[in-house]
Amino acid sequence: MPRFALAREAEPCRSAKAGLPTKSAVRAGSRPAVLQAHSGYAMTSHAMTEDETGVVAELTIFLDRPGATINRNLYGHFIEHLGRCIYDGLWVGEASEIPNERGIRSDVVRALRQLEVPVLRWPGGCFADQYCWRDGIGPRPDRPRTLNTHWGGVVETNQFGTHEFMDLCEQIDAEPYVTGNLGSGTVREMVQWVEYMTSDVDTTMVEMRRANGRNHPFKLPYFGVGNENWGCGGRMRADYYADQLRRYSSFVRNYGGNRVCRVACGPNSVDYEWTETVMSRAGSDLDALSLHYYTVPGTDWNHKGAATGFSESEWIATLAKALVMDELLTRHGEILDRFDPDRRVSLIVDEWGTWYDVEPGTHPGFLYQQNSLRDALVAAITLGFFHQHSARVSMANLAQMVNVLQAVILTEGDRMVLTPTYHVLEMYKCHRGATLVPVELPSPNYTFGSVQIPMLYATASRSAQGRLYVSLVNVHPHKAARIVAPRLRGPVSGRLLTGASMDVHNDFDHPEAISPIALSQVDLGSPDSSLLLPAKSVLVLEAD
Ligand code: AHR
């Protein structure tokens, strides 16, 4: 059972950023509706008093002001030929003793189907700009062994290529998003790859695809015209990339019935100049612009901090850095608004997530890190920002799906665990495709050392079936909050993700150390009832 710190006086209210401008009304003296867990875990064994919860905040839900549709693709994923993401994590080969379907491991596919992954990006990342797609087609034993110069200098066996990727997408029912090689590949290579995948005319490319076992064209809705070309993808200046984009993308064509969205390489986090230049020089040669932002808590890339066993100052630093995403979406969005007021071009955050030092004893180039409650909170807050910017942001891809960075799944041999980030994405999937409902949650600050951030975050949506979903996050590691929500009427059910420590995580010996708790229904109909939001928690509520 979580312990709550004794109340101190609530700090001045501040916008939770996930809602409309704030007002500071907080109703004192209301009764907390303590949701009881089906599992026997109880958030508290007695009604909380205000002294115990310390903080009371009023959630206002603007049901009469529906916003944009929350694109389901905001819940997308990313896989790269990096470390054990693809090999081990997804691909084990048909001869493996690990149960698999045409070489793709079945346990992972089952978990991903449960997550309902809408879209999957591949093959990189930095790897994309060194990838020769022809190495990854044809009989597997004949495929060349190449060097993965970006990630660990290991041999790339090319056993997982275009057909295996498309098979994975079909097995998990996700739309494919392929990133082309602009950094070291030719226009012809890129054009032929798109033709190979999507055309149905009897050309040599199409005959080759058919000979490799795929008669009908693949559907390819998204194609990246390079990746991080300001860095690993060729160290280009923005104006040079803009010219290359014009050249390459003019040959990325629609074949047959396929309609491909050309995603241009966008900025590295705060590089607003890049967005400005690409939009002004090549705005009509792209359909979407990507943005990459990683949450790196440390002082620099050599001292990023550990994924577990961290201090409270690393906890707050991580969450504070996650908040940068909101500003990035706002400011890059403003630039897009100037060049594209009709919102033809969308913003795609095709790499995001936490990035820590690798786990001790693991290959430094494999980017393998554990995943704790802290990551779940980062994911929950970030998804709220994506919802908030739904009018411009059409897709986001968490980096990366399995065994790399902020993974939703970790594997070791034939074992698999779901991470706290997996659980948040699964809890939040109710928001996908729903209509954004604006909310306002004035939040006290959470302060540690010299860092101060809002303590509470909220996002809400209304599904096509009329269900209201409200997600709440409390980042304070010690202090619970009582949420007064006058507009949350009728029976409300919920699922809660929390744990006893800041770095609670699942590992192969303790795969259920943290998982969502289903809470039984409460009636919040009475005007003086309130909800308890424990310290360091994510709560997703469903109501009429
Ligand atoms: O996700 C890991 C790497 O981060 C990707 O390869 C690259 O695009 C980014 O720098």
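Visitor: Which residues are closest to the ligand?
Guide: Please keep in mind that this is a predicted model, where local features need pLDDT of at least 70, side-chain atom pairs count only at pLDDT 80 or more, and totals for chains, interfaces and linings use all residues. Residues are numbered from 1 along each chain as its sequence is written, and side-chain values use heavy atoms, with hydrogens and water left out. Counting a residue as near when one of its heavy atoms lies within 4 Å, 14 residues surround the ligand, and the closest are E80, C126, E228, Y294 and E351.

Visitor: How far is the side chain of Y294 from an oxygen atom of the ligand?
Guide: A pair of N or O atoms within 3.5 Å is a polar contact; within protein, one must be able to donate a hydrogen and the other to accept it, and residues adjacent in sequence count only if both atoms are side-chain atoms. For C126, a backbone N or O atom is 2.8 Å from a ligand oxygen, and for E351 a polar side-chain atom is 2.8 Å from one. For Y294, the gap between an N or O atom of the side chain and a ligand oxygen is 2.7 Å.

Visitor: What share of the ligand's own exposed area does the protein bury?
Guide: Accessible areas come from the Shrake-Rupley method with a 1.4 Å probe, and for residues only the protein chains shown count as cover. Taken alone, the ligand exposes 280 Å². Of that area, the protein buries 93%.

Visitor: Where is P123, the partner of W122 in a cis peptide bond?
Guide: Helices (H or I, at least four residues) and strands (E, at least two) are DSSP runs, numbered from the N terminus. The W122–P123 bond is cis, with omega about 5°. A cis bond also joins G124 and G125, with omega about 10°, and G125 sits in the loop between strand 7 and strand 8. As for P123, look in the loop between strand 7 (119-122) and strand 8 (146-148).

Visitor: Which side chain of opposite charge is nearest to D285?
Guide: You will find D285 in the loop between helix 7 (272-282) and strand 13 (288-295). Lys and Arg count as positive, Asp and Glu as negative, while His and the chain ends are not counted; a salt bridge needs a side-chain nitrogen of Lys or Arg within 4 Å of a carboxyl oxygen of Asp or Glu. D285 is buried (under 20% relative accessible area; exposed is over 50%, partly exposed in between, with a 1.4 Å probe and protein chains only), yet it has no salt bridge. At 4.5 Å, the nearest side chain of opposite charge is R246.

Visitor: Which elements are included in the cover over the buried residues of helix 7?
Guide: The buried residues of this helix are Y272, W274, T275, T277, V278, M279 and A282. Contact here means heavy atoms within 4.5 Å. The cover over these residues includes helix 6 (238-249), strand 13 and helix 9.

Visitor: Is R343 buried, exposed or partly exposed, and what is its relative accessible area?
Guide: R343 has a positive phi of about 60° although it is not a glycine, and its loop runs between helix 9 (324-339) and strand 14 (346-354). S269 is not a glycine either, and its phi is positive at about 40°; at 14% relative accessibility, S269 counts as buried. R343 is partly exposed, and its relative accessible area is 44%.
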